Amino acid sequence: MPPTLAFIHDTPAVRAVLRVGALSDVADEARRLGRRALLIADEAMKPRADEIAADLGDRLAGRIDEVIMHVPVEQARAAVAYARETGADMIVAIGGGSATGLAKAIAKELHLPIVAVPTTYAGSEMTPIWGLTEGDRKTTGRDLHVLPRTVVYDPVLTVGLPVSTSAASAMNAIAHCVEGMYSSAASPVTSLLAEEGVRALAAALPRVVADPTDLAARSEAQYGAWLAGWVLGTTGMGVHHKICHVLGGTYDLPHAPVHSAVIAYATAYNADYAPAAMARLAGALGAATAAQGIWDLARQIGAPTSLAAVGFRESDAEEAARLVTASAFANPRPVDPDSVRDLLIAACRGDRPPERVLPPQISDPSH
Ligand code: NAD
């Protein structure tokens with residue numbers, strides 16, 4: 001018998017523009033939201049930000065050209081003060097999740113609308129989630145004021161994203177789809193988005209790696225990242241994101257590579273507790289199992305499949321597992337320090353996940 005449907009679905013009010021050459025739309029998109037723009041750009045995007053600044057003309061209120069990963073509170077405070085000084089009534093942010101993150105830190109305090117111009121596949125542009133780091137403590141929260149109002153995707157901007165960063169960032173996006181698919185907050189619509197996001201990313205990335213200038217592949221990857229960010233912002237994440245949050249914050253490991261190294265093992269960990277979600281993910285990957293499909297894709301595109309390779313020591317697995325399980329969070333399979341430690345050790349070793357992990361459960365909340 002098919003299950004009786006029950007869900008809550010919230011559609012984010014985000015306008016999205018995706019086209020080759022969309023960089024030249026940014027100033028017009030900014031005009032829809034305000035009169036004076038604060039322009040934030042990460043270092044790699046400075047020349048592109050110069051083009052936006054020229055298009056904005058006297059509607060440019062100020063610029064921030066330095067962005068630090070994980071948004072340190074000191075930088076966030078200085079940026080809020082600077083935004084106030086300039087009298088900006090909106091923000092344009094161009095760059096990866098870190099640039100979007102700094103814009104969100106300002107929007108959280110000043111409630112300024114954001115035009116996000118993402119240049120990686122992190123997906124932050126589609127979420128109301130902010131993150132701030134103080135010392136080795138990373139805090140995140142949800143606030144609709146930080147959800148960008150407009151997102152401009154221009155595949156041309158991603159052509160210079162190194163192949164290794166592209167691959168890891170795409171695995172980060174796939175991780176959003178995987179955890180959104182088995183989230184208890186999933187709806188039939190978010191599951192469609194997640195499935196299509198995985199399909200698009202898995203189809204695009206091998207082509208991106210073969211030819212980073214292939215704009216058709218780059219646009220399909222951005223389309224997948226858009227869907228993945230949408231899933232991240234409208235469902236709930238589980239053990240995988242909790243692990244990556246702890247590893248990034250406490251052990252200062254790079255965001256996207258850590259996601260890439262953990263996701264196959266987190267998927268295997270949950271496999272028998274969300275079989276319907278896993279079957280759809282496996283189908284989207286064209287693989288026998290979701291975990292193996294993810295691992296095979298990562299290997300094919302040269303993304304990390306081992307935590308040891310991204311700088312995590314197996315000897316820290318016990319401590320990290322304690323930190324991960326220190327507070328409760330939703331996940332299909334129950335978590336405890338021992339099982340998370342074993343997951344981390346498997347991720348350190350980086351072997352292909354086995355076909356089966358545990359006997360199947362009776363109830364399956366996933367769609
Ligand atoms: P990032 O923004 O730190 O960028 C990684 C590197 O790539 C940087 O050196 C950057 O300069 C460079 N880069 C970016 N785009 C480039 C391009 N097109 N060409 C060449 N170089 C380019 O990394 P990220 O993975 O995009 O984002 C990670 C951050 O975003 C983390 O702090 C993470 O917590 C946050 N994040 C937040 C959310 C959310 O919903 N709040 C979602 C995903 C990620």
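**Close-up views of a predicted model**

**View 1. His 111 in a loop.** His 111 is found in the loop between helix H4 (97-110) and strand S5 (114-118); helices (H or I, at least four residues) and strands (E, at least two) are DSSP runs, numbered from the N terminus. This is a predicted model, in which local features need pLDDT of at least 70 and side-chain atom pairs count only at pLDDT 80 or more, while totals for chains, interfaces and linings use all residues. Residues are numbered from 1 along each chain as its sequence is written, and side-chain values use heavy atoms, with hydrogens and water left out. Phi of His 111 is near 55°, a positive value in a residue other than glycine. Most residues other than glycine have a negative phi. With a relative accessible area of 43%, His 111 is partly exposed (buried means under 20% relative accessible area, exposed over 50%, partly exposed in between; 1.4 Å probe, protein chains only).

**View 2. His 70 in a loop.** His 70 sits in the loop between strand S3 (60-64) and helix H3 (73-86). Its phi, near 70°, is positive in a residue other than glycine. His 70 counts as buried because its relative accessibility is 15%.

**View 3. Helix H6.** The 23 residues of helix H6 (residues 188-210) should span 33 Å at 1.5 Å a residue, and the end C-alpha atoms are 34 Å apart, which agrees. The expected span is 1.5 Å times one less than the number of residues. H6 has a kink of about 25° at Ala 204, shortly before the proline Pro 206; the bend at a residue is the angle between axes fitted to the seven residues ending there and the seven starting there. Buried residues of H6 include Leu 193, Gly 197, Leu 201, Ala 204 and Val 208.

**View 4. The second largest pocket.** The second largest pocket holds about 440 Å³ of space. A pocket is an open set of points on a 1 Å grid over the protein atoms alone, where a 1.4 Å probe fits, with protein on both sides within 12 Å along at least five of seven lines; lining residues have an atom within 4 Å of a point. Of the 20 residues that line this pocket, Asp 10, Pro 12, Pro 128, Leu 144 and Leu 147 lie nearest its centre. Domain 1 (15-158) and domain 2 (163-349) each supply at least three lining residues, with bounds from an automatic or database domain assignment.

**View 5. Glu 318 and Asp 338.** Glu 318 lies in helix H12 (residues 317-324) and is partly exposed, at 42% relative accessible area. The C-alpha atoms of Glu 318 and Asp 338 are separated by 7.8 Å, with the two residues 20 residues apart along the chain.

Key. Points joined across faces, edges and corners; volume = space filled by probe spheres on them.
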